[in-house]
Structures are given as C-alpha cells and as structure tokens.
Amino acid sequence: MGRTSRRRLPLRLLRWTGWAAAYVLGLAAITLSGAWVWWQQEPHARGTEVNALWARHQWVGEAHTDAEYRAFADLLRRNRITDVYFHAGPFEADGTVPPARYRYAKQLLGAVREYAPGVRAQAYLGQIRTVEGHGITDLDDPAVRSRVLASDAAILDAGFDGIHYDFEPIYPDDTAFLALMDATRELTRSRGRLLSVALEQAALFDALQPVYKALLPRHGPMHYPPRPTREFLLKIADRADQVAIMTYDVSLPTRALAGWHFARHTRWTLELIGDRTTVFMGVPTYRPLVPWAEDLTVALRGIRRGIDDLKRPPKRPYGVGVYADWTTDDAEWARYRAEWPPGTATAGAVR
C-alpha cells in the first residue's frame, strides 16, 4: 500500500464517522421534535372512577386515632380511590408473614368500612424473589409457596378484601409464579375476595427476550430486564382480578418522551388485557430518576393521551395506581384531581 493510500484511510474513517454521527444526531433530532409536536395536543379523555393507591405499612403496623382514620377515608373519597394496597408484609424468606406485622389491621379495616364504604382494602405482600441464587424468597420451592398461601389465608381471615402481590423480579418464563397465582386465585375466589398483582411495564420488543436470556444474567448492574411479554401478561390477566403496571421510572430525557412512554404503555396494555381484567397504570408521586422529565402531571397526561388512541374502551374497569400515599403531598393530590378524576380534569398549558 502506498503512502498516499495510507494517508487517505484516516480521512475516510473520519468522514465515515462524521456521517454516522450526523445520521444518529439527525434521528435524535427528528425523534425529539416529533415527540414535542405530539405532546402539544391536549388530551380529550377524562379519568375514571376506579383507581388504586399503594399505602404505607404503618396503617396496619401501628395504632392510629379515629381522626386519622377519618382523614384518610376523606382523602380516598375525594380522589376517587376504590382500591388501597396496604403494605402488610413483606414475606419472610420461608414464605411466612408474622401476624405482629399487621397487628392493627382489624382497627384499620373497620375504619375503612365505616368511613369509606365501598373502598376495597387489600393486603400488599411481596419480597425480592430468588433468581439464580440471588434474592430472599424462593418461589421455586413448593414448600415456600405453600407457606405463602397459608400466610395469605391468615391475612384474609383478618378481614382484608384481597391479596396484592408484588414479587420482584418476575421474568416471563416464571412458571413457579404462575403456579402461585393459580393457587392464590383458588383461595381468594373461594373466599369471595380479590387477587391483584403489580408487574413491571411490558417489554418493548418480545423478540429481544431470547437475546436477553442468552447473553445477560438475571442479577447485577447489567442484567436481563424483567419485563412481561405479551403471552405472559395474558396469562397473568387470566389469573388476576386486577393488574397494576409499574409504568414509572421512565428515565427518558424530556417530558414529551416520558409522556409518550405512558401513552404507549397505556394503549398497549389496555388493548391487550383490558377486556380480561381491571388494569391500573402506575403513576409516580416520588422523585423519580429523571425528575425534570417525569412527574405525576406528565404521567397522567400521557395516560390520557393513550386512552385517546384506543379504538374502543376496554370491557373491564381501568384507572391509575398512585405510588404512593407516603410520597404524595397535598399539592400533588390537587394536581391529581385537576388532571384525572372525571368531571375535574381541565385543559391547561402544554407542559
């Protein structure tokens, strides 16, 4: 190779790199501008009368005054909350929940029925699921699942209206979790109670699942993301009375892109399972990973845009799940009422 050719190689490489960078930057600019234009349209859909709230453990673990119970019931009524997931766990490694952990459940449940009749108080139970030797509770062990069911039965005996599972991580090949859902459904239906479950937002592309499974571990900083596939979410929906999608922690850089995320997952989820089970799309009131782009207002506006895009309403009820009562202040509840419950949402400035 001559000297002239050797000189041209770096120039060609530099030119190709420049064109590649320009191409990527161009795509990013088109995506950002397109999302911004899409985000300007005011949503038409209004919120719903069926909504959920994740509530702190202190409600079942500590004593409260009658005035505190009344105030909480008033908050539920004003914000159209129909289902409250009261944290009553977590499960121990062996699948048990010590009764002392929910020692004040009877007082709480009595107050909810008196001051907020019609609100369903469910026991929010979960743990870090053991995967590839990492975690706390091993659901692959039939004895552990049996003790989980016994704990569920005792908690239902305390008067809860249902069981709400939040085991993480749950992968789309988790047959042990499906077996637990089957057994729990038999228990809750035999008692006339509810079974609900919280799951991660769905995978963007199901076709990537075999790649993740082959190349990535299920623990560590770079791990196989535990996202439900279309098939797995359908299986869950056929077993649960309610499915809450943890749509938050978007980690996208702009409000328009974060809003698109909530809209896309709302439409996709409701079209897939909205005829089979009640769906709650999770919205955050805590400080997320990218706080300048994701907040309660963005989430609610995005969900309303997703509902606008539906070809028809789902056959089953749907709404939002607010995460969580311990991170939601009065100002955020006011924003929630301005954006979501039917008859209260108002058109406002584009954010």
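Modeller: Start with a salt bridge: the side chains of Asp-157 and Arg-191 meet, at 2.9 Å from N to O. This pair joins distant parts of the chain, with Asp-157 in helix H5 and Arg-191 in the loop between H6 and S5, 34 residues apart. A salt bridge here is a side-chain nitrogen of Lys or Arg within 4 Å of a carboxyl oxygen of Asp or Glu. Side chains of opposite charge can pair when their charged atoms come close.

Two points on reading the values. This is a predicted model, where local features need pLDDT of at least 70 and side-chain atom pairs count only at pLDDT 80 or more, while totals for chains, interfaces and linings use all residues. Residues are numbered from 1 along each chain as its sequence is written, and side-chain values use heavy atoms, with hydrogens and water left out.

How open are the two partners? Asp-157 counts as exposed because its relative accessibility is 57%. Arg-191 is partly exposed, at 30%. The cut-offs are these: buried is under 20% relative accessible area, exposed is over 50%, and partly exposed lies in between (1.4 Å probe, protein chains only).

Now to helix H6 itself. Helices (H or I, at least four residues) and strands (E, at least two) are DSSP runs, numbered from the N terminus. H6 covers residues 175-190, which makes 16 residues. The expected span of a helix is 1.5 Å times one less than its number of residues.

Which residues of H6 are buried? They are Ala-176, Phe-177, Leu-178, Leu-180, Met-181, Thr-184, Leu-187 and Thr-188. These buried residues pack against helix H5 (142-157), strand S4 (162-168), S5 and helix H8 (230-237).

The side chains of Asp-182 and Arg-185 meet at 3.5 Å, N to O. Both residues lie in H6, three residues apart, about one turn of the helix. An α-helix has 3.6 residues a turn, so residues three or four places apart point the same way. Asp-182 is partly exposed, with a relative accessible area of 24%. Arg-185 is partly exposed too, at 23%.

Another pair involves the loop between S4 and H6. The side chains of Asp-173 and Arg-218 form a salt bridge of 2.8 Å, N to O. Asp-173 is in that loop, and Arg-218 is in the loop between H7 and H8, 45 residues apart, so distant parts of the chain are linked. Asp-173 is partly exposed, at 34%. Arg-218 is buried, because its relative accessible area is 14%.

Finally, the setting. The secondary structure of the chain comes to eleven helices and eight strands. Of its 351 residues, 49% count as buried. The whole structure has 23 salt bridges. Among the residues involved, Asp-74, Arg-77 and Arg-78 are linked in a network. The chain averages a pLDDT of 90, and 87% of the residues score at least 70; pLDDT is the predictor's confidence in each residue, from 0 to 100.

Methods
Contact means heavy atoms within 4.5 Å.
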